[in-house]
Amino acid sequence: MKKGIQLRRVKVQKKQQQKEQQQNNTDKKNKTPIPLSTNIDQNIQTIKQDLGNSADIVIRKMNIGSSGNDQIAICYTNGLVDTKTVQNVIIKTLLVDIREAYLQNENKSKLSELFENHTLPGGEITKVTDLDNSKHDLLSGNTILLINGESVGFSIDTKGWASRSIEEPSTQTVVRGPKEGFVESLRTNTALVRRKIKSEDLWIEQIQIGQKTKTDIAILYMNGIVNQKILDEVKTRLKRVQVDGIFEGGSLEELIQDETFTPFPTIYNTERPDSAASNLLEGRVVIIIDGTPFALVAPALFVQFLQSSEDYYQRADMASFLRLLRFVAFMLALLIPSSYIAVTTFHQDMLPTTLLVSLAAQREGVPFPAFIEALLMEIVFEILREAGVRMPRAIGSAISIVGALVLGQAAVDAGIVSNVMVIVVSITAISSFVIPEYNLAIAVRLLRFFFMLLAASFGMFGIIIGLIMMVIHLTSLRSFGVPYLSPMAPFNKEGQKDSLIRLPQWALFSRPKMIAQDDYIREETPAPEPKNSEDLKGEGE
Amino acid sequence: MKSQKIIISNLQFSTLVVLFTVGSSILIIPRKLAEAAEQDAWISAILTVIIGLVLVTFYSKIAGLHPDKHYFDCVKHILGKWLGGFVIAITYIFFFFLSVLVLWNIGDFLKTQILVNTPITVIFILFMMTVIFGVRAGLESIARSSEIFIPWILSLMFLTVIFLIGSLETENLLPVFEGGIQSIVYGSYYFLSFPFLELLTFLMITPYVKTKKRVKHSFMEGVLIGGLVLTIAITFCILVLGADFTERNSFPFYVLGKKVTIADILERVEVFIAIIWFLSIYFKLAVTVYVLTSGLQSIFKLKDYRPLTLPIGMLIIVTATLMFSTTMKQVEFSEVFFYPFTYIVCLVIPTTVYITGLIKQKRKRA
């Protein structure tokens with residue numbers, strides 16, 4: 001056994017060495033970039049060749065001076081650039097304004113100097129001198145300007161592709177609260193957060209991840225509030241990532257999370273700018289990935305997955321009630337089927353006699369033991385749910401009709417399951433929809449079967465054993481060094497104000513202590529003290 | 001994670017002490033006390049809790065001798081390699097039999113009361129697996145989980161007590177002092193050794209407590225709450241069931257749960273009591289097994305205690321299965337061997353260690 005592990009270790013080490021060598025090779029390649037040639041035709045040729053003559057690359061050569069030698073070329077990727085800007089502004093300026101200026105003092109100055117002096121239209125303009133950079137800029141939506149006879153080019157920011165407009169988020173919906181959600185574009189998303197927090201302390205760092213996709217990833221944090229240790233940890237973990245591509249936060253999440261073998265999510269994700277902003281103010285780090293409307297929030301606590309941003313927009317008493325309700329729903333979704341199995345197979349004496357009699361009468365015609373019955377129904381329900389998510393929208397009504405039959409009266413009439421079982425499955429389903437975060441809800445779906453198995457073999461004892469194991473596992477989890485179950489365990493009195501219940505806003509003057517470890521006191525607002533009502537009465541009269 | 005220093009908060013230490021005190025005693029000790037002191041069991045209980053508080057003060061003094069060393073290291077430091085090694089071996093055997101007895105208690109209870117058709121070994125294995133899972137997760141995880149569960153345990157206890165208030169019969173307490181002071185002290189003999197002397201186990205984890213100056217405080221808090229829970233359990237057993245009936249039941253407090261009837265809606269809440277018992281006994285066993293494994297780790301200076309959990313767990317299961325074929329044999333074992341053994345290991349030896357330690361310290365100063 002030990003030998004096996006050692007062998008494996010040696011293998012892994014060898015692999016790592018190979019990888020490092022490969023990396024060194026690629027690094028070497030990167031370290032010596034190919035400079036732009038002075039010959040414009042050669043440059044164009046190389047770009048075309050390197051990109052495999054791709055159909056969406058547009059290269060246009062123009063003659064600017066009186067002689068045939070003063071050639072320039074613009075290259076852009078069709079679809080990634082704002083065509084209007086390129087055609088109406090850039091080409092027009094080049095062919096009219098700059099041409100005139102050049103013709104006036106031909107041969108006196110270099111073209112590149114002219115471009116620098118006569119500012120080119122466009123927001124951000126950078127000089128490029130090597131081929132790799134210009135290709136990368138070209139593929140990220142910039143327009144590249146090449147000049148004959150000079151080994152410099154210009155990269156003009158002309159990004160502008162079709163993207164979805166800001167809509168109401170489809171997850172984490174609220175009755176009262178902002179209705180805007182993140183979109184697929186990184187810039188729009190950072191702007192949405194920036195619009196909420198106009199502080200100079202909101203810092204945005206950008207890195208690229210993905211050897212092939214070169215996905216832009218923005219790390220947002222509040223300087224001065226964020227815990228430096230957590231921020232550093234987030235950065236080092238992100239830098240370690242070496243993959244071909246990142247398309248969604250989910251795949252990045254798996255690469256940077258603390259614990260892989262757990263059904264529980266240790267990184268929070270949100271589609272709502274207000275939620276991201278309030279998390280920033282609590283000292284958390286927000287990671288926005290280009291191409292997905294879901295931003296990652298780290299570190300995440302267990303209670304966070306049972307909270308909704310609406311809790312802060314409704315009255316405190318109502319919000320507290322709803323939070324407790326969600327917690328109850330979480331427990332119900334987890335334990336209802338297993339409790340049913342345990343009670344009907346092991347602890348019939350726990351039920352009042354009348355209920356027991358009617359239950360026994362219902363189960364009389366059912367051929368299966370309670371466990372098989374519950375398993376059958378739960379699996380059928382899971383299949384229906386998956387079908388509902390995955391199928392084309394147009395046949396949605398078909399599934400609801402079939403589903404109602406399968407999980408409804410027809411199944412009972414056929415004598416396959418009992419009426420009570422249908423109720424049990426329905427309560428479980430509805431309860432699991434109450435959990436506001438989808439990734440915690442799916443954890444519950446998985447654990448439910450584990451609990452059912454324990455209940456079928458050991459009754460209540462099995463359920464308690466399962467609960468103990470679950471809690472032990474939860475307490476051993478950490479999210480970027482922060483204990484997952486805080487502020488319950490380790491217990492923290494201040495944290496109780498805003499976890500399972502929510503106290504009025506004026507009482508919430510502290511940030512989560514485990515996250516913003518040093519500076520955890522926020523601004524304090526005194527509790528509102530309205531004028532005596534008698535004074536107002538006097539004014540009215 | 002492994003290289004990180006283990007730190008548990010003082011609150012977590014207290015909750016662990018509460019659970020350790022309540023665990024396995026709550027169902028068994030009412031019978032023992034009723035056997036010894038009849039209807040005066042409650043007086044005996046209160047007396048023992050007071051003695052327990054004094055005892056725990058003494059324990060925290062031992063911990064205060066070398067705050068950064070756990071009991072084994074402390075003993076080795078004070079008594080030297082050979083004598084210390086002998087004492088450590090005896091204490092280790094005590095911890096081992098303690099965990100065997102605790103595991104036997106839960107198995108015996110489940111086998112006779114709830115899972116009648118399940119082989120006892122299966123119950124042992126399942127419970128031990130959960131304990132090993134917890135111990136491998138680490139002391140911090142066990143401590144944090146205790147924090148999660150303690151509100152549930154205390155509120156279930158509170159509910160049970162509230163439900164039972166209607167069926168109290170005060171005549172059951174009469175006549176007071178029938179057996180005289182002798183029988184009360186006899187009851188205390190059992191009660192002191194059953195949960196309170198076993199708290200010696202906690203001297204193995206005091207070095208990990210965050211604020212070491214308040215160890216005594218947390219220790220006393222835990223014992224006070226745990227002792228209160230036990231005293232209430234005993235008193236209610238006597239008040240509702242009567243001394244005679246309490247004595248003749250293996251698990252009188254569990255029977256108590258069956259007596260609850262509230263307006264025909266809530267009946268037979270013995271499952272509440274079963275839950276209290278599972279949870280508290282789980283933590284008792286988890287702490288003991290943690291001490292067993294980490295103790296062995298420190299004796300042999302190993303890097304990690306985790307590989308030891310599985311063999312030690314198996315050893316406990318096998319011992320529990322082979323040693324006691326019936327409940328009667330276990331009771332006999334406890335009476336004849338374990339109670340006196342507890343007094344030797346947890347009272348006589350620590351006193352010797354403490355006095356020797358004090359003398360050594362004074363000599364050093366002088």
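In this predicted model, chain A contains an open sheet of five strands in the order E1-E2-E4-E5-E3, with antiparallel pairing. Strand E1 (57-63) and strand E3 (125-128) of chain A stand at the edges and have a single partner strand each, so one side of each is left without a neighbour in the sheet. From one strand to the next, the twist averages 20°. Within this sheet, strand E4 (residues 142-147) of chain A pairs with strand E5 (residues 153-157) of chain A in the antiparallel sense, and A:Leu146 has A:Gly153 in E5(A) as its bridge partner. Helix H5 (residues 131-139) of chain A packs on the sheet, where it touches E2, E3, E4 and E5 of chain A, and its direction makes about 140° with that of E4(A). Helix H2 (residues 40-50) of chain A lies across E1, strand E2 (71-77) and E4 of chain A, and runs at about 15° to E2(A).

The loop between H2 and E1 of chain A holds A:Asn53, whose phi is near 50°, a positive value in a residue other than glycine. Most residues other than glycine have a negative phi, and most peptide bonds are trans.

Further strand pairs occur in chain A. Strand E6 (residues 202-209) of chain A and strand E7 (residues 215-222) of chain A run antiparallel, forming a hairpin with five residues between them, and A:Gly210 in the turn has a positive phi of about 105°.

| Strand pair | Sense | Bridges |
|---|---|---|
| E6(A) and E7(A) | antiparallel | eight bridges |
| E4(A) and E5(A) | antiparallel | five bridges |

In chain B, helix H6 (residues 120-137) and helix H13 (residues 306-323) pack at an angle of about 155°, with their axes 10 Å apart. H6(B) and H13(B) are therefore roughly antiparallel to each other, and H6(B) passes H13(B) in a right-handed crossing. The residues that meet include B:Phe124, B:Met128 and B:Ile132 in H6(B), and B:Leu310, B:Gly313 and B:Ile317 in H13(B). By class, this contact of H6(B) with H13(B) has ten nonpolar, four polar and two charged residues.

The contact between the chains takes 26 residues from chain B and 22 residues from chain A. On the side of chain B that touches chain A, helix H1 (10-22), helix H5 (81-114), H6, helix H7 (139-164) and helix H12 (270-299) of chain B each supply at least two residues, and H7(B) gives the most, with six residues. The residues of that side of chain B divide into 14 nonpolar, seven polar and five charged.

In chain B, a cis peptide bond with omega about -5° joins B:Leu174 and B:Pro175, and B:Pro175 is placed in the loop between H7 and helix H8 (180-196) of chain B.

As to confidence, the mean pLDDT of chain B is 90, and 98% of its residues reach 70 or more. For the complex, the predictor gives an ipTM of 0.92 and a pTM of 0.87.

Notes: Residues are numbered from 1 along each chain as its sequence is written. Chains are lettered from A and ligands numbered from 1 in the order in which they are written. This is a predicted model: local features need pLDDT of at least 70, side-chain atom pairs count only at pLDDT 80 or more; totals for chains, interfaces and linings use all residues. Axes are lines fitted to C-alpha atoms, for helices over the stretch in contact, and angles run from 0 to 180 degrees between N-to-C directions. Helices (H or I, at least four residues) and strands (E, at least two) are DSSP runs, numbered from the N terminus. Angles under 35 degrees count as roughly parallel, over 145 as roughly antiparallel, 65 to 115 as roughly perpendicular and the rest as oblique. A crossing is left-handed if the near helix is turned anticlockwise from the far one by less than a right angle, and right-handed if clockwise. Two residues are in contact if their C-beta atoms, placed from the backbone, lie within 7 Å. Ala, Val, Leu, Ile, Met, Phe, Trp, Tyr, Cys and Pro count as nonpolar, Asp, Glu, Lys and Arg as charged, and the others, Gly among them, as polar. pLDDT is the predictor's confidence in each residue, from 0 to 100. Two strands pair if DSSP finds at least two bridges between them.
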